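Dear colleague,

I am handing over the structure we spoke about, and below it you will find notes on what was found. Please read them with the model open beside you.

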2 protein chains.
Amino acid sequence: MSTDPLPSRFEAQRDRILKAAAACFNEKGYSGTSLKDVSRHLGLTDAALYYYVRNKEELVYQCYLRAADLGREAMLKAIEDGSSGLQQASLYLRYHIETMVGDDGPVAIMSEIPSLKRVHQEEILAVSRRHSADFEDILRRGIEDGSIARCDVRMTGNAIMGSINWIPKWFHGSSTMAAEICSEFPKILTRGLVAAGNKAGSHASGS
Amino acid sequence: MSTDPLPSRFEAQRDRILKAAAACFNEKGYSGTSLKDVSRHLGLTDAALYYYVRNKEELVYQCYLRAADLGREAMLKAIEDGSSGLQQASLYLRYHIETMVGDDGPVAIMSEIPSLKRVHQEEILAVSRRHSADFEDILRRGIEDGSIARCDVRMTGNAIMGSINWIPKWFHGSSTMAAEICSEFPKILTRGLVAAGNKAGSHASGS
DNA sequence: CAATTATTTTAATACAGATTAAAATAATGC
DNA sequence: GCATTATTTTAATCTGTATTAAAATAATTG
């Protein structure tokens, strides 16, 4: 008759596991990392993981859900905080990159989707598509309000998203470089967007 | 320097295998693709591959070498064909992207490096670093000749390279879209580079 | 403290996929 | 056509690793 059959002890451990798993997947890929790899990171046995997750596939799946959540948070916050489209784009980049390179743990493993079950694949792809669509909306908004120059939003979105999705491939946890990425990337990536008459540029997110 | 290296029966088949392997690795990742996956694409048996390559690891390794060659070709051709730094950057993007989305077959599997043997890992990373350095040189050249605006070349290079390295993750062989990528991406990615007084912009590679 | 529940480990099992050896087929030169 | 070499297949082995079941330990509760 207990209200919550699962104590917070459980969820805490589960979170640690997801973070460790995400880090491993980022580094070695899905089938490249064994469950032992993940458990070793935590001082556990591989078998112990099965207390928290049905199987390996669900482990990645949960990692994706976590990544999707964080990504969406960044998106919504940026839309709320920024006034012009350009500002929103710049803020989104900052927020998203911050979660990726921050202590919270890397969560960008968007490469391993083919390893998922069909159902989960569809779901994650849908989320990912909506995410892209949201970003393209920001770009369109910017074009309308005159802060962003006219452009092929689909392609521009792909270009910018790719740029930040690739970060985990070359960045490996120097906190001083993390800071540099957070400050430089939004500037670099939005510089090409600025509309002709817009002198403000991308300093929306300025320090 | 003397005669054409005759493309024997052997080398031709080996090439087919490398292309098929690269495609599989791109789609499923290194440990995600079985040798059977590769061989099935060719109407062969998995065991047959061992006639052309020592083992699976060497298969990826060779794929990387092929990718590196094509990348370097694009780089050198761009440096030769372009006059200003901006032009060279733009041309490099075009050439490189063309080989990636073209019929020649996808070769950008820069994600799977951790799967390689230490020695091969070092080698590929060295090649990759030199490639990045070459691109950064182009950027510096552009800054000097006034065609490219002052910027953090390291970060800018990372941003642009990431953008194109990510292409295989969302592009899957529509030839009409391939054309669009080839024409749009160089424009998008160089737009942010253009120096203040430079009215020519990135139309160096224009159609 | 006793009893129940939660968490982790040890010790199997099962299976996929890499690798190898020997046999079979195809190609080539004489 | 015959002998030799090149290419591919069949059939087996070997290894890693996901997964499970049962046992052991730790935590919690009454």
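A:Ser174 lies in the loop that joins α7 (167-170) to α8 (175-191) of chain A; helices here are DSSP runs of H or I with at least four residues, and strands are runs of E with at least two, numbered from the N terminus. Because A:Ser174 has 11 C-beta neighbours inside 10 Å, it counts as exposed, a class that takes in 12 or fewer other C-beta atoms within 10 Å, with 20 or more for buried, partly exposed in between, and C-beta atoms placed from the backbone. The C-alpha atoms of A:Ser174 and A:Arg72 are separated by 25 Å, the two residues being 102 apart along the chain.

As to conventions, this is a predicted model, in which local features need pLDDT of at least 70 and side-chain atom pairs count only at pLDDT 80 or more, whereas totals for chains, interfaces and linings use all residues. Residues are numbered from 1 along each chain as its sequence is written, while chains are lettered from A and ligands numbered from 1 in the order in which they are written.

Turning to the two protein chains, chain B can be laid on chain A with an RMSD of 0.1 Å by a turn of 180° and a shift of 0.1 Å along the axis, the copies being superposed by least squares on the C-alpha atoms of residues with pLDDT of at least 70 in both. That is the relation of a two-fold axis, and in chain B the C-alpha nearest the axis belongs to B:Gly192, 1.7 Å from it.

Between the chains, 30 residues of chain B are in contact with 30 residues of chain A, contact meaning C-beta atoms, placed from the backbone, within 7 Å. On the side of chain B that touches chain A, the largest share, 7 residues, comes from α6(B). Since 100% of the interface residues of chain B are also interface residues in chain A, the copies meet through the same surface.

With best regards

Key:
Contact = placed C-beta atoms within 7 Å.
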